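This report describes the arrangement of strands and helices in one protein structure. Please keep the sequence and the structure in view while reading.

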Amino acid sequence: MFNSLSLKSEYRCFDGTVAYYTHHSDSCNCDLNFAVYLPPLAQSQPVPVLYYLSGLTCNEENFITKAGAQRYAAELGIMLVAPDTSPRNTGIPGEDETWDLGSGAGFYINATEKPWSEHYQMYSYITQELPQLIKDNFSVKPEKQSILGHSMGGHGALICALKNPQQYQSVSAFAPIAAPMNCPWGNKSFTAYLGSARQKWAEYDATELIKQTQLNSTILIDQGTADQFYEQKQLLPENFQQACQQVGQDLNLRWQTGYDHSYFTISTFIKDHMQHHAVYLNK
C-alpha cells in the first residue's frame with residue numbers, strides 16, 4: 001500500500017473486505033475519503049472496478065452501509081469504490097450554509113468560479129486521480145471500469161461515462177439529475193461553480209452530452225414513480241430519454257411503481273445494476 005493512502009478502518013464482509021481510506025487529493029487540494037469493497041476473488045487475481053457516486057448530502061459511507069451491494073460484488077468478483085461527494089473543511093465561506101451547495105454537493109464537475117475553483121475539482125478527481133490511486137494500490141484490471149450513481153451521483157455517473165466513453169465499460173443510475181441545466185438544483189450549483197455562461201453548463205449536462213457522444217453499451221436507469229424530487233422537476237428523466245431516442249442511444253429507463261428517492265429503492269434494485277455492469281466488466 002502506497003503511503004499516499006491512510007487506512008481508517010476495515011471490516012470482513014461476504015468473505016471480502018470493506019475498507020475506508022483517506023488521502024490528500026492533488027486535484028481538490030485537500031484531504032478526501034473513499035470506501036472500497038474488495039471481493040474474495042481479489043485475494044488471488046486482479047478484478048474489475050465499479051465506481052459508485054452518491055447524491056446530495058451523502059459521503060463515502062452511505063452506499064457501502066445501505067445499498068447491500070457487497071453480496072453481489074462478492075458473487076460477481078467486482079471491486080466497489082465509493083468516494084465522498086465533495087471536498088470538505090476547505091474554509092470556503094458559505095461551504096456549509098446550505099445542503100445543496102458546497103459540502104456534500106460537489107456535483108462531480110470542475111468549478112471555474114472563485115472561491116470554489118481552488119478545491120471543487122471533483123470531475124478530475126473521479127475520472128483521473130481516483131482511478132490512478134486505485135490502480136496503484138489495489139489488484140485491479142484498469143481497463144475494466146464501470147460507473148453508477150444516485151441522484152446527483154447519477155448525474156455524475158452519466159457525465160463521466162459520456163465524456164470518457166473509452167474509460168468506462170458501462171453506466172447506470174438511480175433517479176439521476178438527468179438535465180441539470182433545466183432544474184433548480186442544477187441552476188444553483190452550475191451558477192455558483194461555473195458562472196452564468198450556459199455553454200459551460202452544457203459540458204456537464206447528460207441530456208446535452210448524449211447529443212454529441214453515444215455509448216456502445218445500454219444505459220440503465222431506474223426511476224421511482226413516488227420520488228418526491230421527480231415530482232418537483234429536479235430529475236427530468238424524460239428529457240434524457242427523448243435525447244437518447246433522437247440519437248439512437250440504447251436506454252433502458254425503468255419506472256418503478258411506488259418507489260421513492262431513498263436507499264430502500266436502491267437496495268431493492270441494486271442486484272439488477274450489479275448484473276448489468278457484470279455483463280460488460282466480465283466479458
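## Pairing in the sheet

Two strands are said to pair if DSSP finds at least two bridges between them. The model described here is predicted. Strand β4 (residues 47-53) and strand β6 (residues 140-150) run parallel and are joined by 6 bridges. Within this part of the sheet, V49 stands opposite Q145 in β6. In general, the strands of a sheet pair through backbone hydrogen bonds, in either a parallel or an antiparallel manner.

## The sheet as a whole

The open sheet contains 9 strands in the order β1-β2-β3-β5-β4-β6-β7-β8-β9, and its pairing is mixed. The edges are formed by β1 (5-13) and β9 (251-256); each has a single partner strand, so one side of each is left without a neighbour in the sheet. From one strand to the next, the twist averages 20°.

## Helix α3

Helix α3 (residues 122-137) lies across β1, β2 (16-25), β3 (30-38), β4, β5 (79-83) and β6. The helix runs at about 55° to β3.

Is S124 buried or exposed? A residue counts as buried under 20% relative accessible area; S124 has 16%, and is therefore buried. Leaving aside residues up to four places away in sequence, S124 touches S27, N110 and E129.

## Helix α4

Helix α4 (residues 152-163) has 12 residues. From its first C-alpha to its last it reaches 16 Å, close to the 16 Å expected at 1.5 Å a residue.

Of the 12 residues of α4, 11 are buried, so the helix is largely enclosed by the rest of the structure. Among them are M152, H155, L158 and C160.

Conventions: Residues are numbered from 1 along each chain as its sequence is written. This is a predicted model: local features need pLDDT of at least 70, side-chain atom pairs count only at pLDDT 80 or more; totals for chains, interfaces and linings use all residues. Side-chain values use heavy atoms; hydrogens and water are left out. Helices (H or I, at least four residues) and strands (E, at least two) are DSSP runs, numbered from the N terminus. Axes are lines fitted to C-alpha atoms, for helices over the stretch in contact, and angles run from 0 to 180 degrees between N-to-C directions. Contact means heavy atoms within 4.5 Å. Buried means under 20% relative accessible area, exposed over 50%, partly exposed in between (1.4 Å probe, protein chains only). The expected span of a helix is 1.5 Å times one less than its number of residues.
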